Amino acid sequence: MAEENAIDDPMPTAPERLLVSESGLSLSAAAVAEAEPVGAEPSPLRAFWSAFSENRGAVLGLAVVVFISLLALFAPFVAPHSPIEQFRQSVLLPPVWAGGNWTFPFGTDAVGRDVLSRLIYGARISLGIGLSVMVVSVALGIVLGLASAFLRGLVEVVIMRVMDMVVAIPSLVLAILIVAVLGPSLTNTIVAVTVVYLPRYVRLVRAAALAELSKEYVVAAQVAGVGRLRLMFVTVLPNCLAPLIVQAALGISDAILEAAALGFLGLGAQPPTPEWGAMLADAREFIRSAPWIVTLPGLAILVTVVAINLMGDGLRDALDPKLRRS
Amino acid sequence: MLKLILRRVALTLPTFVALMFVTFVAVRLVPGDPIEARTGERGIDPERLAALRHELGLDQPVWKQFLDYVYALLHGDFGVSIVTKTPVLHEFLILFPATLELALCALVFAVVLGVPAGVLAAVKRGSVLDHSVMAVALAGYSMPIFWWGLLLIMFMSEYLGLTPVSGRMDLINYYFEPVTGFMLIDSLLSGEDGAFSAAVAHLILPTIVLGTIPLAVIARMTRSSMLEVLGEDYVRTARAKGLSPLRVVGLHALRNALIPVVTVVGLQTGTLLAGAVLTETIFAWPGVGKWLIESISRRDYPALQGGIMLISAIVILVNLIVDMLYVAINPRIRHG
């Protein structure tokens, strides 16, 4: 992951070293001191892990996220059936603990598709959406945020006013508008959710960059004749990364929830795509007759989102001690 | 103070203009021509087409169309629904009280449970109670509320038979003319036996579903804000003076801890209105959220455009008011 590279770089450039020593210091104050022999500066990665693993919830969240990611990655090998194959002889079969059989451990849906396989493939889609949204909005957020912090003037005014407007429209309502314009599909879901969450990243990068700009090392770099682009991306950006990483992790879970809501409303992934939200939309008629079709996809969303949020909270505590909740 | 208020108001103006611009552009990007939507696929002779285009102002330059749109909006004209042929503003105003009633109930639910939960968690920091509150808050914060709604219907309505499945009112047994648009008030005014309790029964599940995320946010915020305040010198002084813990927490700490909470409560308007779309869809609640979703499936773009414009305007205004309240209750900003 990006943050590990940034911290683990054996030859850090000046600003990176600053990040390293800052986090190293604050962490050693928290917990590392006891684990390391006195006087020895712990390696940044170890310091990070030691602060992160102090939080048991975060480690649990990480474990669940890794598990779900592996399921998603190896879905074709793990899933017992195809997610879209219809077993017409076994329609609405209950799961194994409610009198079903082991051929379909989590039962089947209204057209005889294996619920377990659909859930496993659904992990691909949900995590895929979450990651795509995160990557695109972080990249755009960095560019727009740095641009408005460095160029100021009209560029800043335009970018920030547009962001204000995006924030003013309730997230789901804006996503609905975008999907209505572009047409419902998985790709457009990603576009819509990215637009909705972009302002967070832009504002965060801009604020962090503005705070850095007044520091001496930036002035020193400017005096040394560093070009503007290098100043933006090499000198200042690494020092804005900690809060950005935290926001990015928490942003994945929000994106998953938002995409599932669009899927539920029929505006996201289209059938027969095994998207968790869309699965719930199909399930509404079976509340009475087949509760497992309703329960399981939602549980999958909840567990995934809780795990990512736990992990994100741990990241925040470890990377950004100023934001620590207590 | 007045200068500050005027500044905040002035800052929201560009946002409004941008919002008008976006809804204007969005509707022109939507697949399908408004003329085609009216005439169907039978086709139309060129003369009538030109007349229709003129009538809708589509033969004007785009900048003129935009100015006309802004002019219309400023005069309260939010367009006419293609499907019902009634003004969008009129439809919105009929449906909005249902959404407002639901949102207010959800907010009350979230504050009444969230603030005490957060305070208790902070005071009993590290206890089982604290951990449970935080765990529930995490689950609430991560909850796909449309699924939460389905689960509650499944358990409370279908399995236990305690609450009605959908709608605002038991329309078979009770009928009365809307007076205020708020079912709780109208049912009381109607004087019919049992109408009020029927209205309450219909409200319970949607309120819980819509209030879940704000509840989690408020509980977390109250806890962290309270923890911060409890570490302040003046709280220690109050304790040292020998004041009872209840007095210290309730009077000295809570008042200051609530300042950020008020902001968070205000900023939940957007969350509530977005959540209303899902909640109303699940519970067949006849409010603006459900109406918005139906406008999409009916391809009623003027309704969608006007609805989004109105909802966003409400969010912007509420945020502005919250901003000012924050200034009013926090002297550090007022004099800063």
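## Chain B

Helices are DSSP runs of H or I of at least four residues and strands are runs of E of at least two, numbered from the N terminus. In this predicted model, chain B has 14 helices and zero strands. The C-alpha trace of chain B spans about 90 × 55 × 35 Å along its principal axes.

Of the 336 residues in chain B, 37% are buried (20 or more other C-beta atoms within 10 Å of the residue's own, with C-beta atoms placed from the backbone). Two residues are in contact if their C-beta atoms, placed from the backbone, lie within 7 Å. Among contacts in chain B between residues at least 6 apart in sequence, 73% join residues at least 24 apart.

## Interface of chains A and B

Contacts link 35 residues of chain A with 39 residues of chain B. On the chain A side, two or more residues each come from helices H7 (153–168), H8 (171–182), H12 (241–264) and H14 (291–319). H14(A) gives the most, with eight residues.

By class, this side of chain A has 24 nonpolar, six polar and five charged residues. Ala, Val, Leu, Ile, Met, Phe, Trp, Tyr, Cys and Pro count as nonpolar, Asp, Glu, Lys and Arg as charged, and the others, Gly among them, as polar.

## H7 and H9 of chain A

The axes of H7(A) and H9(A) (residues 186–213) come within 9 Å and cross at roughly 130°. The contact involves A:Ile159, A:Met163, A:Val166 and A:Val167 of H7(A), and A:Val195, A:Leu198, A:Pro199, A:Val202 and A:Arg203 of H9(A). Eight of these residues are nonpolar, none polar and one charged.

## Conventions

Residues are numbered from 1 along each chain as its sequence is written, and chains are lettered from A and ligands numbered from 1 in the order in which they are written. Local features need pLDDT of at least 70 and side-chain atom pairs count only at pLDDT 80 or more, while totals for chains, interfaces and linings use all residues.

Definitions and conventions: Axes fitted to C-alpha atoms, helices over the stretch in contact; angles between N-to-C directions. Buried ≥ 20, exposed ≤ 12 C-beta atoms within 10 Å, placed from the backbone.
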